[in-house]
Amino acid sequence: MDVLPRWAEVILVPLFSLLLAAILSALVILAIGENPWNALKIMVNGAIGSSYGWGYTLYYTTNFIFTGLAVAVAFHARIFNIGGEGQALIGGLGVAFIALYIPWPHWSLALIGCAAGAAAFGALFVAIPAYLQAQRGSHIVITTIMFNFIASGLMVYSLNNILKPTGQMEPASPSFPDATHLPSLFDIAKVFGATTFRSTPVNITLFIALLACVLVWFLVWRTRLGYEIRAFGQSESAAKYAGIDPTKITMIALLISGGLAGLMAINNVMGEAERLVLNATEGAGFIGIAVALMGRNHPVGVFFAALLFGVLYQGGQILSQDTTVPVQIVLVIQALVIMFTGALDNMVRAPLARLFFALRSRPVAASIPAE
């Protein structure tokens with residue numbers, strides 16, 4: 001069996017996948033009469049060419065870090081949690097209830113309370129699919145897909161019948177109290193005398209996302225629980241022989257995964273919108289799947305993959321605004337990146353593995369004397 005070196009698995013496979021996606025994206029842009037090189041420059045400049053672009057790029061990156069970590073933790077137990085979208089939606093409900101119905105004296109305390117609520121709501125929402133997987137053998141992919149629709153229905157019901165103020169037509173909660181508003185990086189920069197930055201939605205949640213990367217790394221690779229999760233993911237039968245309880249690991253891995261997905265709500269609900277609205281997640285739960293796959297389920301890889309998708313999201317919006325490239329083409333570009341880094345990942349890995357195997361075998365063959 002051809003096996004890639006670890007460094008090639010982490011660096012070369014994503015790099016070649018991105019290259020293939022970029023080539024096809026360039027052909028698509030060329031087909032509609034636009035210059036691909038000019039489109040690339042507009043996207044890059046719109047995403048990272050100014051403090052305003054960086055602000056939105058890092059805002060999207062924060063969302064994708066949480067959902068990417070959620071998928072990664074579950075995948076280490078070989079559990080494919082694709083319900084991050086629904087878990088993040090329900091996490092938003094947790095943020096809204098806690099922000100609106102508990103009087104908070106300061107945003108720092110509100111942040112702790114709302115983060116706990118978001119994680120708890122996300123974890124509780126995945127608890128039923130986790131139990132069905134652990135005890136009944138129900139396929140986690142099917143149940144988490146269905147629970148995404150259940151989350152959407154719960155969101156519509158809650159906004160229309162519980163949270164929506166009397167007389168308001170829009171299905172949305174009231175604005176959160178001022179004491180719960182999180183400081184943006186623009187506000188933080190002003191404290192240090194930097195006044196050239198434009199106000200953007202990126203906020204202090206970015207640092208919580210980075211902290212989550214560190215904590216997930218510590219959990220998975222430096223704790224007994226993380227070892228059990230990885231051992232269970234590598235071989236369930238061997239893990240059971242070693243005394244690891246499959247039901248316990250399945251439940252814990254998915255609860256942690258759901259909690260991480262729910263934490264996304266402190267960024268988009270509490271930090272950006274400062275109220276709960278329909279479709280608050282904007283597809284970030286599904287993007288987290290591609291982020292985890294591209295990042296090889298490692299927190300460092302998840303961070304860089306989330307940053308890449310943040311660039312694609314922000315740069316794509318600027319591209320559709322400043323050129324005749326329609327927003328649908330931008331979605332096609334994003335889909336191509338997801339397709340090559342996710343669904344067609346093995347199309348790149350297999351040829352690279354054969355190439356490395358051939359390079360390793362050549363010195364051995366050369367050293368055998370001819371008869």
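Mentor: Let's begin with the words: buried means under 20% relative accessible area, exposed over 50%, and partly exposed in between (1.4 Å probe, protein chains only). This is a predicted model, where local features need pLDDT of at least 70 and side-chain atom pairs pLDDT 80 or more, while totals for chains, interfaces and linings use all residues. Residues are numbered from 1 along each chain as its sequence is written, and side-chain values use heavy atoms, leaving out hydrogens and water.

C213 has a relative accessible area of 8%, so C213 is buried. C114 is buried too, because its relative accessibility is 0%. As for sulfur links, the structure holds zero disulfides (pairs of cysteine sulfur atoms within 2.5 Å).

Now let's move to the helices (DSSP runs of H or I, at least four residues, numbered from the N terminus). Helix α4 spans residues 84-101 and includes Q87. Q87 counts as buried because its relative accessibility is 2%. Look at what surrounds Q87: leaving aside neighbours within four places in sequence, Q87 is in contact (heavy atoms within 4.5 Å) with N81, G122, F125, V126, T144, S257, G258, A261 and G262.

F125 brings us to another residue, L154. Helix α6, made of residues 140-163, holds L154. Not counting residues up to four places away in sequence, L154 touches I90 and F125, while F125 is also among the contacts of Q87. The C-alpha atoms of L154 and L89 are separated by 9.1 Å, although the two residues are 65 residues apart along the chain. L154 has a relative accessibility of 37%, so L154 counts as partly exposed.

For another residue with some of its surface open, turn to L27, which is found in helix α1. L27 is partly exposed because its relative accessible area is 49%.

Finally, visit helix α13, residues 284-294, which is mostly covered: nine of its eleven residues are buried. After α13 comes R296, and its phi is positive, near 55°.

Definitions and conventions:
Helices (H or I, at least four residues) and strands (E, at least two) are DSSP runs, numbered from the N terminus.
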